[in-house]
Amino acid sequence: AVGEQYFDLPNRYKQDAYGLLNARAGVQHKRYGLAVWARNLTDTYYAAYGFNFGAVTPGQPRTYGVTLTGSF
């Protein structure tokens, strides 16, 4: 969870508190691994960066994927 924050000195541009839900599950067998993962499962909108003139850069939306690993 991230608490309330301001992006400028006069405290005009504010980001409310928010929380992100991430998940990862996987299996490992000898030299190989397989995992499925997701970030920001609830697709929460949040500002990753803010600027003094009121512009914000949004954080990542919901993303998900599969990771395959191997060791040799």
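**Terms and values**

Author: L68 has its place in strand β7. Strands here are DSSP runs of E of at least two residues, numbered from the N terminus, and helices are runs of H or I of at least four. The model is predicted, so local features need pLDDT of at least 70 and side-chain atom pairs count only at pLDDT 80 or more, while totals for chains, interfaces and linings use all residues. Residues are numbered from 1 along each chain as its sequence is written, and side-chain values use heavy atoms, with hydrogens and water left out.

Reader: Why is L68 called exposed?

Author: The term is set by relative accessible area: buried is under 20%, exposed is over 50%, and partly exposed is in between, with a 1.4 Å probe and protein chains only. L68 has 66%, so L68 counts as exposed.

Reader: What makes V27, L34, V36, V66 and L68 a patch?

Author: A patch is made of residues with over 30% relative accessible area and no salt bridge; nonpolar side chains (Val, Leu, Ile, Met, Phe, Trp, Tyr) are joined within 5 Å, and like charges within 9 Å. V27, L34, V36, V66 and L68 form such a nonpolar patch on the surface, with about 510 Å² of accessible area together. Accessible areas come from the Shrake-Rupley method with a 1.4 Å probe, and for residues only the protein chains shown count as cover.

Reader: Which strands each supply at least two residues of the nonpolar patch?

Author: Strands β4 and β7 do.

Reader: How do you know that β4 pairs with β7?

Author: Two strands pair if DSSP finds at least two bridges between them. Between β4 and β7 there are eight bridges, in the antiparallel sense. One example is W37, whose bridge partner in β7 is G65.

Reader: How many bridges join β3 to β4?

Author: Seven bridges join β3 to β4 (residues 32-39), and the two run antiparallel. Across this pairing, Q28 stands opposite G33 and H29 opposite Y32. In the hairpin of β3 and β4, two residues lie between the strands, and K30 takes a positive phi near 50°.

Reader: What makes β3 and β7 edge strands?

Author: The open sheet has three strands in the order β3-β4-β7, with antiparallel pairing. Strands β3 (23-29) and β7 (63-70) each pair on one side only, and they are the edge strands. Neighbouring strands of this sheet are turned by 10° against each other on average, direction ignored. The axes behind that angle are lines fitted to C-alpha atoms, for helices over the stretch in contact, and angles run from 0 to 180 degrees between N-to-C directions.

Reader: What makes the contact of K14 with E4 a salt bridge?

Author: A salt bridge needs a side-chain nitrogen of Lys or Arg within 4 Å of a carboxyl oxygen of Asp or Glu. The closest N and O atoms of K14 and E4 are 3.3 Å apart, and the pair forms a salt bridge. K14 lies in strand β2 and E4 in the segment before β1, so the pair ties together parts that are ten residues apart in sequence.

Reader: Which residues are linked with K14 in a network of salt bridges?

Author: E4 and D16 are linked with K14 in the network. The side chains of D16 and K14 meet at 3.4 Å, N to O. K14 is partly exposed at 42%, as are E4 at 48% and D16 at 45%.

Reader: How many salt bridges does the whole structure hold?

Author: The search finds three. One of them joins D8 to R12, with the closest N and O atoms 3.2 Å apart.

Reader: Are D8 and R12 buried or exposed?

Author: D8 has a relative accessible area of 6%, so D8 is buried. R12 has 57% and is therefore exposed.

Reader: What does L41 touch?

Author: L41 touches L21, A23 and R62, not counting residues up to four places away in sequence; contact means heavy atoms within 4.5 Å. L41 lies in the loop between β4 and β5 (47-50), and at 33% relative accessibility L41 counts as partly exposed.
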